[in-house]
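Here are a few friendly notes to read alongside the structure.

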Amino acid sequence: MPRPPSLPALVDHAVRAGATNEVAFPGEHASLRRIAERSVTLARRLLGAGVRRGEFVGLLQAPSLDAFATLLGAMRAGAVPVPINARFRERELRHVV
């Protein structure tokens, strides 16, 4: 079997194969299927908001299931997710933005 070409494709492959794995963060957990479904919804919302393939999307979220689903959603939409650390100082944030 060839390797999935992206992280969202890998998650989709695992879901189709019947994986029962869960993704966990402190205080929360969800099945891969739930994360995949959430990421599809987020991809649609990003596309609806005008995000286009190849555009950069800044992600300023605390580590969580929703942050992971948003990362996958941006990738599904063809965008380039750019995680932004909330602890960045002004000059660091200016550089990233």
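**Notes on the predicted model**

1. Helix α3 covers residues 65-76, twelve residues in total, and spans 16 Å from its first C-alpha to its last, close to the 16 Å expected at 1.5 Å a residue.

2. Which residues of α3 are buried? They are L65, A67, F68, A69, T70, L72, G73 and A74. These buried residues pack against helices α1 (7-16) and α2 (32-48), and also against the strands β1 (22-25), β2 (28-31), β3 (56-59) and β4 (80-83). Just after α3 comes G78, with a positive phi of about 90 degrees.

3. Next, the hairpin. Strands β1 and β2 pair in the antiparallel sense, over four bridges, and E22 stands opposite S31 in β2. Two residues lie between the strands of this hairpin, and G27 in the turn has a positive phi of about 85 degrees.

4. How many salt bridges does a search of the whole structure find? The search gives three. One of them joins D12 to R76, with the closest N and O atoms 2.6 Å apart. This pair links distant parts of the chain, since D12 sits in helix α1 and R76 in helix α3, 64 residues apart. D12 counts as partly exposed because its relative accessible area is 21%, and R76 is likewise partly exposed, at 23%.

5. R38 and D66 also form a salt bridge, their closest N and O atoms being 3.1 Å apart. Here, too, distant parts of the chain are linked: R38 belongs to helix α2 and D66 to helix α3, 28 residues apart. With a relative accessibility of 31%, R38 is partly exposed; D66, at 32%, is partly exposed as well.

6. A further salt bridge, between E90 and R94, has its closest N and O atoms 2.9 Å apart. Both residues lie in helix α4, four residues apart, or about one turn of the helix. E90 and R94 are both exposed.

7. Do look at the surface around L93, V96 and V97, which form a nonpolar patch with about 260 Å² of accessible area together. V97 is in the segment after α4 (90-96). Why does V97 count as exposed? Its relative accessibility is 77%, and the cut-off for exposed is over 50%.

8. Finally, R34 lies in helix α2 and is exposed, at 51% relative accessible area. Leaving aside neighbours within four places in sequence, R34 is in contact with H29 and L65. The C-alpha atoms of R34 and G78 are 20 Å apart, with 44 residues separating the two along the chain.

Conventions:
Residues numbered from 1 in each chain as written. Predicted model: local features only at pLDDT ≥ 70, side-chain atom pairs only at ≥ 80, totals over all residues. Heavy atoms only, no water. Expected span 1.5 Å × (residues − 1). Buried < 20%, exposed > 50% of the residue type's maximum accessible area, 1.4 Å probe, protein only. Contact = heavy atoms within 4.5 Å. Pairing = 2+ DSSP bridges. Patch = residues over 30% accessible without salt bridge, like charges linked within 9 Å, V, L, I, M, F, W, Y side chains within 5 Å. Areas by Shrake-Rupley, 256 points an atom, 1.4 Å probe, with all protein chains shown as cover. Salt bridge = Lys/Arg side-chain N within 4 Å of Asp/Glu carboxyl O.
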